[in-house]
Amino acid sequence: MNKLVFDVGGTAIKYAIMNEKAEIEEKGNFPTPMIDQPTFIDSLVDIYEKYIDQVDGIAMSLPGRINSDIGYVHTPGALIYNNETHLSHRIAGQIKNRTGREIRISIENDGKAAALAEAWKGNLADVDDGVVIVLGTGIGGGIIHDKKILKGKDFFAGEFSFIMTDLRLKGMGNAFANVSSAHALTSGVARKKGLDPESVDGFQTFEWIQNGDEEAIEVFEEVCNAIGGLIYNLTATLNPEKILIGGGISKQPIVVERIREKADEYFDQIKKIGMEMPRPKIDVCRFNNDSNLIGALYNYNLVYGE
């Protein structure tokens, strides 16, 4: 039977009715409630009631550090009302209260869901070890090892946003989230031009880059260079066969192309002193807008053995 799948973001919640092949039969979205957790949960149950006779399970992707084995949210990203919450139980409880029905629910971190989507049906399906780097407000992602998602002891593996870019400095201002994300690119270009960061988006930024704007290109080069360095470090740590770049800006061919070039510069410097390193294939994610939905569904299958 079909599943109801949610991709919860900081501004909007996407949902879809999906079959076992991850084909989307119906989809929609609505603004993420920011008031409190009961309002958030009720918004999900409202959608469930709409499809109550069409689905027998709920799969979710969510920001934060999440115990996906039991659906417990330790840290919630922007949705602070979900802090230290056994969210799957609370949602299931409200569904039981409102409809009288019991239902199985799974929850996975959004970056890990994106990696699971690629491992299941995307550009990591043909490898045992790979990495997904998602460029957004921060840098999300996931690590696939022996065809399984690497979670870590505290479900923190793959949180690339927190990696430091300069070991002489400490604090999140020096972390990849604030140096090499899509938001870092657009806000960096805005600062360079003396503009309000809220007034500059990705479309405007890449229009400047494509038109040869020196300020936009300078920031773009810095961001790509940092991501190339991240790829170098991940290679030394994990030795993946493939590293995929995702997020909205990855649709611009120049992004992955330039990241490849910058990564090669790091590897070439090591080669010059006679220490050849293996180089992963760097590619784009197959799925973008629907990746978290697909990965959340796959996580449901893993949790419940379907």
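Helix α4 (residues 182-193) packs on helix α6 at an angle of about 145°, and their axes lie 9 Å apart. Axes here are lines fitted to C-alpha atoms, for helices over the stretch in contact, and angles run from 0 to 180 degrees between N-to-C directions. Helices (H or I, at least four residues) and strands (E, at least two) are DSSP runs, numbered from the N terminus.

Before going further, a word on the source: this is a predicted model, in which local features need pLDDT of at least 70 and side-chain atom pairs count only at pLDDT 80 or more, while totals for chains, interfaces and linings use all residues. Residues are numbered from 1 along each chain as its sequence is written, and side-chain values use heavy atoms, with hydrogens and water left out.

## Helix against helix

The crossing of α4 and α6 is right-handed. A crossing gets that name if the near helix is turned clockwise from the far one by less than a right angle, and is left-handed if anticlockwise. On the α4 side, the contact is made by Ala184, Leu185, Gly188, Val189, Lys192 and Lys193; α6 brings Glu215, Ala216, Glu218, Val219, Phe220 and Val223. Contact means heavy atoms within 4.5 Å. Sorted by class, this contact has seven nonpolar, one polar and four charged residues. In that sorting, Ala, Val, Leu, Ile, Met, Phe, Trp, Tyr, Cys and Pro count as nonpolar, Asp, Glu, Lys and Arg as charged, and the others, Gly among them, as polar.

Helix α6 (residues 214-238) also meets helix α7 (residues 253-272): their axes come within 8 Å and cross at roughly 55°. That makes α6 oblique to α7 (angles under 35 degrees count as roughly parallel, over 145 as roughly antiparallel, 65 to 115 as roughly perpendicular and the rest as oblique). The crossing of α6 and α7 is right-handed. Residues of α6 in this contact include Phe220, Cys224, Gly228 and Tyr232, and those of α7 include Ile254, Arg258, Lys262 and Tyr266. By class, the contact of α6 with α7 has 12 nonpolar, four polar and three charged residues.

Two strands pair if DSSP finds at least two bridges between them.

| Strand pair | Sense | Bridges |
|---|---|---|
| β4 (residues 55-62) and β7 | parallel | six bridges |
| β8 (residues 130-135) and β11 (residues 242-246) | parallel | five bridges |
| β5 (residues 65-67) and β6 (residues 72-75) | antiparallel | three bridges |

To find your way in, Ser61 stands opposite Glu108 in β7, the bridge partner of Val131 in β11 is Ile243, and Arg65 stands opposite Thr75 in β6. Strands β5 and β6 form a hairpin with four residues between them, and Gly71 in the turn has a positive phi of about 75°.

## Residues worth a look

Most residues other than glycine have a negative phi. Phe155, in the loop between β10 and α4, has a positive phi of about 60° although it is not a glycine. Phe155 is buried, with a relative accessible area of 12% (buried means under 20%, exposed over 50%, partly exposed in between, using a 1.4 Å probe and protein chains only). Asn239, in the loop between α6 and β11, also has a positive phi, of about 50°, and is partly exposed at 46% relative accessible area.

Met172 is found in the loop between β10 and α4 and is partly exposed, at 36% relative accessibility. Not counting residues up to four places away in sequence, Met172 touches Ser161, Phe162, Ala177 and Asn178.
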